[in-house]
Amino acid sequence: YGTGQVMFFGVAYSWARNVELANCTGPSFSMVTTYRSVVRDSYIHDTLHPYPGGAGYLGSVEAAASDNLIENNVIVRGNKLIVF
C-alpha cells in the first residue's frame, strides 16, 4: 500500500495527534483496514509530486477502513489532499 510517514494497517482504536508530516512520495498518512482510528490536530503539507497523475496524495483511507476520524488538521499543498 502506501509509502507514507504514518501508516495504520489492520489496527483498531489507534491515533496520531499533533504531528507534522511533509515531503512524502506516497500518502503522508494511510489508514488501511482500520477501525475507529484517529488523525487529529496535525499539520500535513507538501508532496514531492504535486502534479496530476498517480501520486501527490497527502492522506489515504482505503481497503475496508471504517468508522475512522480525521479532524482539526491543516492539510495543504498536495495534488490530492485526501483520497477515500
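**Figure 1. E71 and R40 in a predicted model.** E71 is partly exposed, with a relative accessible area of 30%. Its side chain meets that of R40 in a salt bridge, 2.7 Å from N to O. E71 sits in strand β8 and R40 in strand β5, so the pair ties together parts that are 31 residues apart in sequence. The model shown here, as in every panel below, is predicted.

**Figure 2. The network around R40.** Salt bridges that share partners join R17, R40, D41 and E71 into one network. R40 counts as partly exposed, at 28% relative accessibility. Besides the bridge to E71, the R40 side chain meets that of D41 in a salt bridge of 3.1 Å, N to O. D41 has a relative accessible area of 17%. That value is under the 20% cut-off, so D41 is buried.

**Figure 3. The R36 and D67 salt bridge.** The closest N and O atoms of R36 and D67 are 2.6 Å apart. The pair links distant parts of the chain, 31 residues apart. R36 belongs to the loop between β4 and β5, and D67 to the loop between β7 and β8 (69-71). R36 has a relative accessible area of 40% and is partly exposed. D67 is also partly exposed, at 47% relative accessibility. A search of the whole structure finds 5 salt bridges.

**Figure 4. The largest nonpolar core.** This core has 11 residues. They are V6, F8, A16, L21, F29, M31, V39, I44, L58, V61 and I75.

**Figure 5. Contacts of I44.** I44 is one of the residues of the largest nonpolar core. Neighbours within four places in sequence are left aside here. Beyond them, I44 is in contact with L21, S28, F29, V39, L58, V74, I75 and V76. Core members L21, F29, V39, L58 and I75 are among these partners.

**Figure 6. Confidence along the chain.** The protein chain averages a pLDDT of 90. A score of at least 70 is reached by 96% of the residues. Among the elements of the chain, strand β5 (residues 38-40) has the highest mean pLDDT, 97. Strand β10 (residues 80-83) has the lowest, 88. Where pLDDT is low, the predicted coordinates should not be read in detail.

Methods:
Residues are numbered from 1 along each chain as its sequence is written. This is a predicted model: local features need pLDDT of at least 70, side-chain atom pairs count only at pLDDT 80 or more; totals for chains, interfaces and linings use all residues. Side-chain values use heavy atoms; hydrogens and water are left out. A nonpolar core is a set of buried Ala, Val, Leu, Ile, Met, Phe, Trp, Tyr and Cys residues joined through side-chain atoms within 4.5 Å. Buried means under 20% relative accessible area, exposed over 50%, partly exposed in between (1.4 Å probe, protein chains only). Contact means heavy atoms within 4.5 Å. pLDDT is the predictor's confidence in each residue, from 0 to 100. Helices (H or I, at least four residues) and strands (E, at least two) are DSSP runs, numbered from the N terminus. A salt bridge is a side-chain nitrogen of Lys or Arg within 4 Å of a carboxyl oxygen of Asp or Glu.
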